[in-house]
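Hello,

Here is the structure we spoke about. Please have a look, and then read the notes below it.

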Amino acid sequence: MSETTTTTAAELTLTPAQLAPYIQHTRIDPDTTREQIIAHAQEAATHGFNAAMVPASWLPEVVTELSGTGIEVASALDFPTVGVMTSAGKAAEAAEIARLGATQLDIGVQIGWLKSGRYDDFREDIAGVVRASGLPVKVMLELPLLTETERETAVELAIEAGASFLKNASSGQIETAHPASVRYLVDRARNGVQVKASGSIKTYRQALQLLRAGASLLGTSAGLSIITDTGDETTTSY
């Protein structure tokens, strides 16, 4: 299922296996081997996940493995620690990620700039990636770190910059994905912008709640546990 055809499950009753097309199957562990990353891509194809989300350094292998399968290839930059790259560096890496064959891109944003009132710089940091990559860009807004006013501003600036998706957070270290955060973003999205939920999504029940709240995509490393309904609170997920 591509970025442009993904729909929400707000009024649907889905079995665990039917959640696969909404899940971005994620593996970003720093010690991941070539054998493991290829197996990860194969899992994405076997189970029909929306995408394999992998580090940019492994894109050639994953793009080759998923060629012809219809599964998207996603990567991320300025992540997992967000807001540490220069805008020029982000744009250059975004262009390289696209050249390597990724079809989706998640990015961290400059939360410190937002809090400092550098709104034009915050917007341009995102817009530079959108222009350089030509890919659908998903923006990690780190909602728990923001005041209500900052949240509103961040959403507006991200949309103005050309974001295709708004994300509640980069990982479970910032926020365990919650339906309230999803609804907050869904209520403010416009111009075709969608919402991706991310952060410690571990169980079928949790995933279904997030989709019913309006999320179009779910980012999780526990996709296999979710679609087999074997995940619980002890399941590891980022």
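Ser200 sits in the loop between strand E7 (194-198) and helix H8 (204-212). Keep in mind that this is a predicted model. Phi of Ser200 is near 55°, a positive value in a residue that is not glycine. Is Ser200 buried or exposed? Its relative accessibility is 13%. The cut-off for buried is under 20%, so Ser200 counts as buried.

Glu142 also has a positive phi, near 50°, and again the residue is other than glycine. Glu142 belongs to the loop between strand E5 (137-140) and helix H6 (148-160). With a relative accessible area of 2%, Glu142 is buried.

Next, the cis peptide. The bond joining Phe79 and Pro80 is cis, with omega at about 15°. Pro80 lies in the loop that runs between strand E3 (72-77) and helix H3 (87-99).

Last, a helix pair. Helix H5 (residues 119-133) packs with H6 at an angle of about 45°, and the axes are 8 Å apart. That angle makes H5 oblique to H6. The crossing of H5 past H6 is right-handed. Which residues make the contact? H5 contributes Tyr119, Phe122, Arg123 and Ile126. H6 contributes Thr153, Ala154, Leu157, Ala158 and Glu160. By type, the residues of this H5 and H6 contact are 6 nonpolar, 1 polar and 2 charged.

Best wishes

Note on methods: Residues numbered from 1 in each chain as written. Predicted model: local features only at pLDDT ≥ 70, side-chain atom pairs only at ≥ 80, totals over all residues. Heavy atoms only, no water. Helix = DSSP H or I, 4+ residues; strand = E, 2+ residues; numbered from the N terminus. Buried < 20%, exposed > 50% of the residue type's maximum accessible area, 1.4 Å probe, protein only. Axes fitted to C-alpha atoms, helices over the stretch in contact; angles between N-to-C directions. Parallel < 35°, antiparallel > 145°, perpendicular 65-115°, else oblique. Left-handed = near helix turned anticlockwise from the far one by under 90°. Contact = heavy atoms within 4.5 Å. Nonpolar A, V, L, I, M, F, W, Y, C, P; charged D, E, K, R; others polar.
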